[in-house]
Amino acid sequence: MTIKAAKLLNGTEMPFIGIGTGGKAADDSTTREMLRKAFDAGYRHIDTAAIYGTEHVVGEVLEEYIQSGRLKREDVYITTKLAQCNHKPEFVRPALKCSLKRLRTDYVDMYLIHNPVTYQNQGTLEQFIPDLPNYKFDVEHDIAETWHELEQLYKDGLVKGIGLSNFNAKQVEYIVEKAKEIKPMNDQVELHIHFPQKELRHTCKKHGIVVTAFAPIGCPGKKSDPKYNWPSDGPIDDPVTVKLAEKHKKTPAQILLRHLIQHAIVVIPKSTNPVRIQQNIEIFDFELSLEEMDELDAIDSRPRLYPMKINLGHPDYPFDDVTSQ
């Protein structure tokens, strides 16, 4: 299966669909099987992060497929992220080196600052999977200093692309302004029909920054878990989504994913269900019309699903207006 890709500022390409490995619901064995199903289904873009605690599993499965001859390293696009406690310049390179060790590779394709909010470093780089409520803010750090370290990692060939995650439009502009030589190539944010991030998308487009959407179908699996208090009528349940799914004989998730990639937005849905993993990548054999795209774009916006309130109170908290579009 040929997967179309978004072209980045440096001319490299990021596959339009990947599989996410975030969240703490799945254990290592479940994540391992999810990745195998994804590789077998044709996924070639894997999204992980230091704080997810899944880098080592990604590394294991990637090595398994490379050693068996089923994949080459250059076949797979790996995105990982710098943890919030490792923003200080002296921690950035060691943190990446630990991620590379866990991923069993000598480079990653995209390295993102996971969040603009900085925490004090109170743990070890080698095993950093934080209990964030016990971490303290660092309110003095200038996130541009972190960006300058990512620029050097890029120049040294340890990463093939650098970018941001959970940065709002003003913060993206700040990094673009403060960059010494290399501008952000990617910003990964929550994005779906109920939270379309139009202002941020406009800013990123202006600077040639590719946007990646996490939670592109609204994480419907959380509806069944009372601890999340998840909305019962998420993007996948929207009447417009359901209507178009019936019309195209596709699943609602496929409609939502297709809608975003037609806007040149990369999507990284997460699923541990083998059937859904297969279905989610089968979105390149149909197309939504301009009228259908407009109909999805016209849906009323709602508040974020992931306001990340644990970061409230930090001067760099990016979501002061959680319903801003």
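UniProt places the feature "active site" (unreviewed entry) at Y52. UniProt positions are given in the numbering used here, feature names are shortened, and annotations may be inferred rather than shown by experiment. This is a predicted model: local features need pLDDT of at least 70, side-chain atom pairs count only at pLDDT 80 or more, and totals for chains, interfaces and linings use all residues. Residues are numbered from 1 along each chain as its sequence is written, and side-chain values use heavy atoms, with hydrogens and water left out.

**Annotated residues**

- Y52 sits in the loop between β4 (45-47) and α2. Helices (H or I, at least four residues) and strands (E, at least two) are DSSP runs, numbered from the N terminus.
- Beyond its neighbours within four places in sequence, Y52 is in contact with T21, G22, G23, D47, K81, H114 and Q188. Contact means heavy atoms within 4.5 Å.
- H114 lies in the loop between β6 and α4.
- H114 counts as buried because its relative accessibility is 8%. The classes are buried under 20% relative accessible area, exposed over 50% and partly exposed in between (1.4 Å probe, protein chains only).
- With neighbours within four places in sequence set aside, H114 is in contact with A49, I51, Y52, K81, L82, S165 and N166.

**The sheet**

- An open sheet is formed by 8 strands, in the order β3-β4-β5-β6-β7-β8-β9-β10, with parallel pairing. Two strands pair if DSSP finds at least two bridges between them.
- β3 (19-20) and β10 (266-267) are the edge strands, and each pairs on one side only.
- Strands of a sheet pair through backbone hydrogen bonds, either parallel or antiparallel.
- β8 (residues 186-190) and β9 (residues 210-214) run parallel and are joined by 5 bridges.
- E190 has F214 in β9 as its bridge partner.
- Helix α4 (residues 143-155) lies across β5 (77-82), β6 (110-113) and β7 (162-165). It runs at about 145° to β7.

**The α1 and α2 pair**

- Two packed helices are described by the angle between their axes and the distance between the axes.
- The axes of α1 (residues 28-41) and α2 (residues 55-67) come within 9 Å and cross at roughly 45°. That angle makes α1 oblique to α2.
- Axes are lines fitted to C-alpha atoms, for helices over the stretch in contact, and angles run from 0 to 180 degrees between N-to-C directions.
- Angles under 35 degrees count as roughly parallel, over 145 as roughly antiparallel, 65 to 115 as roughly perpendicular and the rest as oblique.
- The crossing of α1 past α2 is right-handed. A crossing is right-handed if the near helix is turned clockwise from the far one by less than a right angle, and left-handed if anticlockwise.
- On the α1 side, D28, T31, R32, L35, R36, F39 and D40 take part. They meet H56, V57, V58, E60, V61, L62, E64 and Y65 in α2.

**Positive phi values**

- K249 is not a glycine, yet it has a positive phi of about 55°. K249 lies in the loop between α7 (239-248) and α8 (252-262).
- K249 counts as exposed, at 74% relative accessibility.
- M308, a residue other than glycine, has a positive phi near 50°. M308 belongs to the segment after α10.
- M308 counts as partly exposed, at 23% relative accessibility.

**P303**

- P303 is in the segment after α10 (290-297).
- P303 is partly exposed, with a relative accessible area of 47%.
- P303 and G20 are 283 residues apart along the chain, and their C-alpha atoms are separated by 22 Å.
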